[in-house]
Amino acid sequence: MKLFLAFITKEFKHILRDTRTLIILFGMPIVQIILFGFALTNEVKDSRIGILDYSKDQASQHIIQELDASRYFDVEANFSSPQQIDQAFKEGRIRLAVVFPAHFRHSLFQQNTASIQLIADASDPNTATTVVNYASSILKSYQDEVLGEQTLPYTIQPEIRMLYNPQLKGAYNFVPGVMAMILLLISAMMTSIAIVREKELGTMEVLLVSPVPPILVIVTKAIPYVLLSFINVSTILILSVNLLDVPIQGSLLLLLGESMLFIFAALALGLFISTITNSQQVAMLASLMVLLLPTLIFSGFMFPIENMPKPMQFISNLIPSKWYFFIVRDVMIKGLGFKSVLKESLILVAMTIGFVLIALKNYKTRLE
Amino acid sequence: MNAIIANHLFKSFEKGKIKALEDISFEVKQSELFGLIGPDGAGKTTLFRILATLLLAESGDASVDGLDVKKDYKAIRKRVGYMPGKFSLYQDLSVEENLNFFAHVFGTTIEQNYHLIKDIYQQLEPFKTRKAGKLSGGMKQKLALCCALIHEPSVLFLDEPTTGVDPVSRKEFWEMLKYLKSEGITILVSTPYMDEASLCDRVALMQKGKILDIDTPVGIIEKYPKKIWSIHAPNMYALLQVARAFPNTHTCFGFGESHHLTLKNDDEDYQAFCQYVQTHYKEPFQIQEITATIEDCFMALS
């Protein structure tokens with residue numbers, strides 16, 4: 001027990017005396033949350049639009065005001081000719097142009113039909129679709145307002161409810177993603193680097209030629225990172241609830257428990273990496289290539305897995321962070337209970353046991 | 001009983017391309033200070049690692065304290081002290097923290113075996129709160145020795161402990177080894193410095209994975225077959241050229257301040273050599289007979 005404590009104390013000293021490690025440990029979660037929360041967002045806000053109004057009547061003015069008042073658009077320019085629209089798109093000043101034909105109000109109310117042209121810059125297709133949709137919905141609400149006075153014989157009125165995330169906030173998606181990414185990086189990368197560092201500095205050689213069971217060296221390496229990862233989970237959760245207004249719908253206890261499970265899976269992965277690499281650089285590269293990229297690509301946090309070709313979907317099943325991402329999304333955002341994440345939890349347990357077994361099998365009591 | 005026995009050890013790396021050890025056999029007696037002398041790449045570190053149970057030999061066997069390095073590696077690890085060639089302590093821990101940690105590793109305390117490390121530790125004590133990474137080369141090695149000694153090992157493996165250490169610290173280090181030997185500890189030490197060979201009880205001269213000779217330092221020198229002269233002159237390089245041009249020169253090597261010369265027929269060639277140098281080198285030079293050093297023996301054997 002004294003030996004165990006001596007190792008843990010030593011490990012904490014290593015971590016606390018290395019500024020670089022400390023910055024990664026505590027700076028990264030905060031920076032990531034703030035980055036994803038405020039800078040890297042796929043919500044389209046305050047898009048600049050241009051107006052070409054040939055009609056200049058009550059109806060067109062009303063619509064323009066509605067557009068400008070919404071948080072999605074800023075009316076940047078009023079044009080007087082189609083050439084100016086063209087010019088503004090080329091200069092990238094606007095994302096969308098709205099063109100009202102002459103006698104807009106007249107044709108709307110007298111002929112019961114009127115058209116508006118929406119011109120979007122589709123060099124970024126996703127944004128173009130999004131802004132066109134926003135604009136259409138504003139037009140539609142105006143139309144409903146006008147139509148309220150008269151009734152058409154047949155209409156289908158879709159009523160849309162966005163479940164779990166009614167405001168369509170990006171944060172609901174990336175908070176689970178960031179949690180998966182950071183826990184994996186800290187638990188797996190930092191532990192594997194810490195173990196490999198001992199190999200590289202030659203201290204592992206000295207420890208091997210000692211009565212200490214090698215497994216103790218490894219286990220005590222991982223324990224401080226369990227604690228630190230747990231602090232990180234808490235930090236991320238506090239930040240997301242207070243700063244990004246992402247509520248924890250499900251049980252906090254379940255969420256923390258599942259996070260612990262994922263931390264163990266990541267640690268097991270880190271141990272495994274440390275048994276197959278001999279230098280810190282290789283360990284770091286291996287962690288980044290094997291952990292970070294697949295987490296970004298295959299967890300479903302940035303790109304929907306359903307859209308991937310079958311082989312890629314299959315690969316995504318092998319990525320532990322995918323399952324954790326699902327768990328966090330289900331528990332934190334949807335507020336589901338343990339039953340609904342049972343399958344994912346069992347997969348993580350199996351992966352953890354698998355990695356530990358491979359790591360133990362690979363673990364060398366000698367140098368080669 | 002011999003403390004260390006190596007029996008026809010073979011070891012190669014990179015699928016047999018590099019032969020690190022070829023048929024290494026030797027024995028080290030209880031509380032003997034045994035030196036492995038040889039240049040870099042001689043296989044000293046590989047040999048250490050096999051004896052310290054870190055590597056397995058391809059063939060041959062070895063035992064430490066009567067225990068087989070392959071079967072009983074766990075028992076061996078409890079009773080040997082090992083100091084690798086590279087400084088292998090925690091650079092970000094202080095002197096005291098390193099010592100305490102290794103004391104824990106071996107299930108002991110600094111106080112328990114203080115008598116062994118007292119002399120070195122007293123030199124380290126003023127720096128005990130300093131980080132190990134900030135110590136001088138000599139201090140680092142002394143600390144590493146302390147850490148290797150903390151559990152009173154019966155056999156000590158020291159892989160090039162004095163490489164990169166200043167001459168004063170080297171001298172102190174060897175005095176420490178003599179003291180440990182008197183305490184009954186068997187020491188296997190390697191060094192690339194030939195002058196340190198004479199400080200060992202017995203030495204093995206190693207090169208390219210083979211042992212060239214094993215004997216006491218005196219014994220090795222006595223075996224040296226030829227007469228040897230030291231020659232000296234203001235222009236050492238020209239002198240070397242002339243000496244080597246003499247047809248009956250056997251060998252002539254630069255040894256720091258002088259050249260060491262051997263002649264094919266020893267004394268018979270001496271007069272002819274002096275005349276030859278006088279005619280060709282033209283300026284005055286000094287020549288005197290000397291006793292061979294370990295380095296001369298090494299050159300002669302390799």
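Strand 1 (residues 2–13) and strand 2 of chain B pair in the antiparallel sense over eight bridges; strands here are DSSP runs of E with at least two residues, helices are runs of H or I with at least four, and both are numbered from the N terminus. Two strands pair if DSSP finds at least two bridges between them. One of the bridges to look for joins B:F13 to its partner B:I18 in strand 2 of chain B.

This is a predicted model, in which local features need pLDDT of at least 70 and side-chain atom pairs count only at pLDDT 80 or more, while totals for chains, interfaces and linings use all residues. Residues are numbered from 1 along each chain as its sequence is written, with chains lettered from A and ligands numbered from 1 in the order in which they are written.

Back in chain B, the open sheet has four strands in the order 2-1-4-5, with antiparallel pairing. Strand 2 (18–29) and strand 5 (67–68) of chain B each have a single partner strand, so these edge strands have one side without a neighbour in the sheet.

Now for the domains, whose bounds come from an automatic or database domain assignment.

| Chain | Domain 1 | Domain 2 | Distance between C-alpha centres |
|---|---|---|---|
| Chain A | 12–40 + 169–362 | 47–147 | 47 Å |
| Chain B | 2–216 | 228–301 | 38 Å |

In chain B, seven residues of domain 1 are in contact with five residues of domain 2, where contact means that C-beta atoms, placed from the backbone, lie within 7 Å. The domain 1 side of that contact has five nonpolar, one polar and one charged residues. Ala, Val, Leu, Ile, Met, Phe, Trp, Tyr, Cys and Pro count as nonpolar, Asp, Glu, Lys and Arg as charged, and the others, Gly among them, as polar.

In chain A, helix 7 (residues 171–201) and helix 10 (residues 252–276) pack at an angle of about 35° with their axes 8 Å apart. Axes are lines fitted to C-alpha atoms over the stretch in contact, and angles run from 0 to 180 degrees between N-to-C directions. Residues that meet here include A:L183, A:S187 and A:I195 from helix 7 of chain A, and A:F262, A:G270 and A:I273 from helix 10 of chain A. By class, this contact has 13 nonpolar, six polar and no charged residues.

Finally, the two chains touch through 22 residues from chain A and 22 residues from chain B. On the chain A side, helix 1 (2–16) and helix 8 (203–208) each supply at least two residues, and helix 1 of chain A gives the most, with six residues. That side of chain A divides into 10 nonpolar, four polar and eight charged residues.
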